[in-house]
Every structure is written in structure tokens, then in C-alpha cells.
Amino acid sequence: VSRLSVRKTYKLWIGGAFVRSESGRYDEFGGFNFPRASRKDVRDAVAAARKAAKPWAARTAYNRGQILYRAAEALESSRGRFADGDEVDAAVDVLLHYAGWTDKLHAVLGGVNPVAAPFLSFSLPEPTGVVGVVAPDAPPLLGLVAELAPALAAGNTVVAILSESDPLRGLDLAEALGVSDVPAGVVNLLSGRRGELAKALGAHRDLNAIVDAAGDADLATELDKLAAETIKRTRHSGAVNSYEHATGDALERLEAVTELKTAWHPVGA
Amino acid sequence: MSVRTSIVWDYSPAPEATDHVRLRERYGLFADGEFKDPSDGRYEPTINPATEEPIAEIGWAGAGDIEAALRSAQAAQPKWAALKPLERAKYLFRIARLIQERARELAVVETMDGGKPLRESRDVDIPLAAAHFFHYAGWADKLHYGVNAREVAPLGVVGQIVPWNFPLLMAAWKLAPALACGNTAILKPAETTPLTALLLAEICQEAELPPGVVAILPGNGETGAALVRSKKINKIAFTGSTAVGRDIQAALAGQDTKLTLELGGKSANIVFEDAALDQAVEGIVNGIFFNQGHVCCAGSRLLIQESVRDEVIAKLWQRMRRLRVGDPLDKNTDVGAINSAEQLERIEVLVAAGEEEGATRRTIDCELPDRGYWFAPTLFTDVSPAHRIAVEEIFGPVVSVLTFRTQAEAIEKANNSRYGLAAGIWTDKGAKAFEVASALQAGVVWQNTYNHFDPTAAFGGYKESGFGREGGPAGLRPYLRIVR
């Protein structure tokens, strides 16, 4: 007697919950249904990310590093879920690389300023806040993780639009991260039509930065114009397809989602 | 028996001498190492805002002039970048020295052209401009140390657009790091304050800076817009309003042109009950009345803890009434002229909105000169966080007072702004100051001081106050490309 398989319904990951699109819409990929997120889902995800932003940034750098390391562990242990083992390996390594950045960024980007006045002046990196990520179509997992990891390591929360051509890898990542220690709302992952979702994300006034790896020149121009409305930070790059690519320009990736704060404290009277 | 005579404590006029200032009647634009007539022959007067008298005629760059300057900048760039780094540094050191040597003249011209008190141009603008050139001169042969031992290259030709509130200082903030990194630069000074930038052009000549390395193209907003839209520019650095910054960001959409923006602010100056209140009052005055409040990081939202509200306002009002408003060239002047008729109108509109929306206005009673643009220092109380005067940048000598009960409320209110440029904290408790400073969404946070700047300390905003930093090693990165 053959056993009837249990089919999986893929879901969005918003605010730590696995949910269907509020719109009720879905698409199909490789025999699985997955949600086609709406603009309202984008807004919900940004709200969840904003709520999670302050406590995430307030964690110690050591703790955030531990959580990213735990995320790498969770991804490694769910390796079997992904068809391309090499891609998972690279994604795990990228997570590890950035897990180690959390407590080094300050030394590399910040420092004490020898000002010509009796003050202790120092400049330190801080997260910019909520970062929108537009993931490339391929590779669907590594291309996403390469944009997520620097934003998280720098202390931001993220709303990401997944690969449109292969969204299940991103939704699988959600399930791996969902059983790690990543707090609710720190990462929010949305599947659906990029053209629709990326613009809704780019137009959101409570988003601080857009990291776009879709490699679509028209979309990049559109996102830049939307970003100008609220002076969002933007970074465009092609899809990352190797560990070396994801980490070789780590500092630029981190700096793109980082603010530098200069504090002046009096010395003496 | 002693006889008491009343003593008049007023100051006698103490005008700075202007006889050492050698201004020409006309200044052409500066490109390819020379002053040139604008190709369309357009000259516009630059006005002393304290007298409404023209000071000199300024050649405004047209489209053809921009194009020619760009070609010259492009031609000069590879040679400039190929100089031995220490040789490049030497030019910048020379410029720094020449600014120091001509400091007095530059201070007087800055004050005449922009209306700021001589005390400020003499003690702040000009010395800091020289300091910036010194600082970045020293970086020219150490660039890779500033970017974590990466191999770097200049971007090419950079376009730099500066505002009218700190004309020479902003030119220095822009040019010094750009040149140190091996770029050539086209600087557009503000419409109302082109003079010190043109004196800087003379200094570039005197320093024998190679032709094309620096161009100074005066003009108005259209000139800046044309520069931004040129396809030959590799980077734009802009300091000015958020509205114009937004236009520039949109205009560069989809292009590889790098961009840094230093935009507006509505910065919170927070006074806690444990602060040294007299010191805080001095800081409040410096925070908002420095340069007539024409400061992007001005402490224009004064947040006072309720328990000391009345005391701080009484002391502040007392202090405000002693501010000396008038001739910017007088060494005793605290508050000079508003930079332009246009800016005066903007201030008046927002102040009227404050009154209409129900805030209580107090303006000091002082004699204002008959001619020129003036606005007397003004204090608003009974301000609600939704009032326009609590939300919008006034860019004038107007402070809006809000109150708070707890530290958490102070942070919440301070961060309740689309801007995030600067903030001040007044408290004698170290641990509290560090905690509040880290919670504020602002690029610069001053404890028990305000409006302090230094070439070694990064300056720039969060949120809609812009992105990118100026000063220190962070100020190099926007002018470099990392090769590997």
C-alpha cells in the first residue's frame, strides 16, 4: 500500500509568525503552493521589523554574534532540505563570517577623535534601523543570505523580498531561522512578485535603507527615486554567488547599513 | 557720605577695520586655474545683508561654463591623482597656511557677504576651514590607513554644492578630503555668499595648485541642478536643505554617481534637572543663536525637564535680552543679519504659524538697523510637538520649548522627528549622559556643549538629515573607491 505524502503549504515569515498572505493569494512552484504577498503584507512586515529594531540593536554585540552563529547552526542542520548542498555550505559560511563582525565593526569603522578641545569625542557605528532587502532570483539562498547577514550583523532588522523564480529556498530559510534564536521580527521574509513588492517596500516611509541585489536596472532606478522621498540609504549590487563575493567587500556592505554617531563628552569642568 | 553715579554698562561700537580687505569690483568664475568671464556674460551683484549694499559683481556660470570646467577637471584629474601623495599633501598644506595668513581678511569678507558676526567668522569659520585643510593634507599620503589597509583609488571629478551659512568652512569641508583623495573638484558656492569661495580660488592660484584641480562656479540653484545632471560627474556632495537633497537623490536615480547629503535638522537640546543650569543656558543660546540660527544642527527644539522649566526659561529670557543684535562687523555683536530677504521671509512665515497655532511668542526688544535683514531672537513656549515650529526647520534665531518629565519621554520626544542631525544633553551625571547619547537618533550628540566642530570628528545625519559623513577618516570614504 503506497503512502500518500503530506504536502507542505509554504508560508510567509512576518514578526516571527508563519502566515499566509493577508490577501489570500498564492502561486505555485515545483508542486508546492506558496503565498503571493501583498503590499499590506509588506507594511505588516515593516511594522514588525520596526518593533523589533530597538531591542535587537540594544543587544550586546556578543549576543548578536551568538544569535547569528546559532542561525548558521540551524541552517547547517537543515542542509538536507536544500537541493544544492554547495549553496547551503556557502550560505552557512557567510553567516559565520558576519556573526564574527558584530563585535569588530566598532573597532574598524569607529574610534576616538583627537579633537582640539577638552572633550572625549568618539565616533561609533550604529544600525541605520530597518533595512529592505531585494534578493536576486539566483542563487536563491546564498544571494539572500549575503544581503541579510551584513544588515543583521550591523544590528538592523530586515524585510526581504525573496527570489521570484525560486522562492521556496528563502521560505525554507525562514523555517531554519524560525527554530534558531533570531528574535521575532528581526528577519521578515516575503515571497511574491518582485515588481509589486519591491516598490511597496521602497516606498515605505518607515524604512531606513534599501539593499537591492536583484540586478534589474529599471527596478534600481525606480527604487532610487522612491528612496529619495525619505532620503533612504541605497545600495545596488549584483547577485552574490560565492562566499568570497559575499565577504570580500564586507566593510562596504556593513557600512551601507550603518550610521556613524559622534558623541562629545566633557573632560574636566 | 558717598555719592553713587549710575554707570552706563553699554558697549561702545567696536567695528572691525575693513581697510585690509582687497576686494575687486568683479569676480569671474574660476576654472582651469583662471578667473574667467561667464560665457553668457552674466554678472550678478552679491549683497551685504546687513546694509543691502552690493559688495561686488559675481560671474555666474552657465551651461557652457560648467561643461568647460568639467572638461578641465577631467583632464587634470589623472595627473593630480598620479602625483606623489606627499606632493599632493603639500598643496593642501599650502592652502591651509594661506587661509591662516589671510584669516583676518577672509573673516571680514565672510561677515560682509553673509551677515554673521565677525566674532564667529574670526573665531570659528576661518580657523576651522584652515584646520580642515591641515587635517586632510595629512591624510593624502595615508589613505589606505583610513580604509583599513585597502587599496583605494579616487573617484574622478566630484561636484560639490555648499550652502550660505558657513560658506568658506563648507567649501573646506568639501574640497579638502576630495583633493586629498586625488579627485578634482567643482565647487558651487551658494547664490548669496560666493565671495570667500572666490578668495579661496585666489588662494589656490597663490598655492600654485595645478589648473583644473579646483573650479569655483558661482550661480543659483539652477547652476547646481545643471552640475548634478552632468554625466561627467563621478560624485556629488551636497550640503543644504532636505528638499533640494531629495531632488538631487531622485535626479541621480539609476546612475553610478556617488552621493553624500548633509541636510536639514530640527535638533533637540535636552536640559535635565540635574544640569548646571547657568552653563546650560549659555549652551542653549550658543545652540540656537549661533550664526542667527542659520545652522543645520541648531538646537532649535529645546526640551526642558518640567521641574526646572520655569527656572530655565527665566534664566534664558534674561540672557536673551542681553544679546546684542546688529552690525555684524562690530566685535561685540552676538547676533548678526539674516542672510537674505528670502530667508527672512521664511522665518517670518514660520514664526507667524507658531503664533497662529497657539504657541506663546517672546521676542527681545532691541533696536534693529533701518536697512538690512534682521530678526530679533525669539522664544516660543506652550509649544506642542505637532506645531510647525516644533517640526519644521526654521533656520533662524527662534527656539521652541517643549517639556518632559522622564528620561524616557525626553528620548522619545527628541527622536520624534524626520530629521536626525544633532542633539544636546545637559546633565552632570556621566552614566545618564552616555545612556541618553546612545539612545538618540542623531549623527552628533554633544554633552554640556553645543555646536562644537572638529576636522577629526565625523559629522553627518541620520534619517532625513542625509547620509555620509564629513570629518576624520569617515570623511575620506565618500571620496574613494576601494579597489581591493
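Chain A and chain B meet in a contact that takes 37 residues from chain A and 42 residues from chain B. The model is predicted. Between them the two chains bury about 3100 Å², and 54% of this area lies on carbon and sulfur atoms. Strand β12 of chain A, residues 258–266, gives the most to the side of chain A that touches chain B, with eight residues. β12(A) also pairs with a strand of chain B and with β6(A).

**Area and make-up of the chain A side**

- Ile231(A), Lys261(A) and Trp264(A) supply 23% of the area that chain A buries against chain B, which is more than any other three residues supply.
- By class, the side of chain A that touches chain B has 16 nonpolar residues, ten polar residues and eleven charged residues.

**Polar links between the chains**

- Between chain A and chain B, 22 residue pairs are in polar contact, counting pairs with both residues at pLDDT 80 or more.
- Three salt bridges are found across the interface of chain A and chain B.
- A salt bridge joins Glu259(A) to Arg469(B), and the closest N and O atoms of this pair are 3.2 Å apart.

**Elements of chain A that touch chain B**

- The helices of chain A that give two or more residues to this side are α4 (105–109), α8 (217–229) and α10 (250–255).
- The strands of chain A that do so are β6 (119–127), β11 (233–236) and β12 (258–266).
- Among these elements, β12(A) gives the most, with eight residues.

**Strand pairing across the interface**

- β12(A) is joined by three bridges to strand β19 of chain B, residues 444–447, and the two strands run parallel.
- Within this pairing, Thr262(A) stands opposite Val444(B) of β19(B).

**Strand pairing within chain A**

- Nine bridges connect β6(A) with β12(A), and these two strands run antiparallel.
- Phe122(A) stands opposite Ala263(A), a residue of β12(A).
- Phe122(A), in β6(A), is also the bridge partner of Val112(A).
- Strand β5 of chain A, residues 111–113, is joined to β6(A) by three bridges, and this pair runs antiparallel.
- β5(A) and β6(A) form a hairpin, with five residues between the two strands.

**How the strands connect**

- Starting from β5(A), the pairing passes to β6(A), from β6(A) to β12(A), and from β12(A) to β19(B) in the other chain.
- In a regular strand the side chains alternate between the two faces of the sheet.

Notes. Residues are numbered from 1 along each chain as its sequence is written. Chains are lettered from A and ligands numbered from 1 in the order in which they are written. This is a predicted model: local features need pLDDT of at least 70, side-chain atom pairs count only at pLDDT 80 or more; totals for chains, interfaces and linings use all residues. Side-chain values use heavy atoms; hydrogens and water are left out. Contact means heavy atoms within 4.5 Å. Buried area is the accessible area (1.4 Å probe) that two parts lose on being put together, summed over both. A salt bridge is a side-chain nitrogen of Lys or Arg within 4 Å of a carboxyl oxygen of Asp or Glu. A polar contact is a pair of N or O atoms within 3.5 Å; within protein, one must be able to donate a hydrogen and the other to accept it, and residues adjacent in sequence count only if both atoms are side-chain atoms. Helices (H or I, at least four residues) and strands (E, at least two) are DSSP runs, numbered from the N terminus. Ala, Val, Leu, Ile, Met, Phe, Trp, Tyr, Cys and Pro count as nonpolar, Asp, Glu, Lys and Arg as charged, and the others, Gly among them, as polar. Two strands pair if DSSP finds at least two bridges between them.
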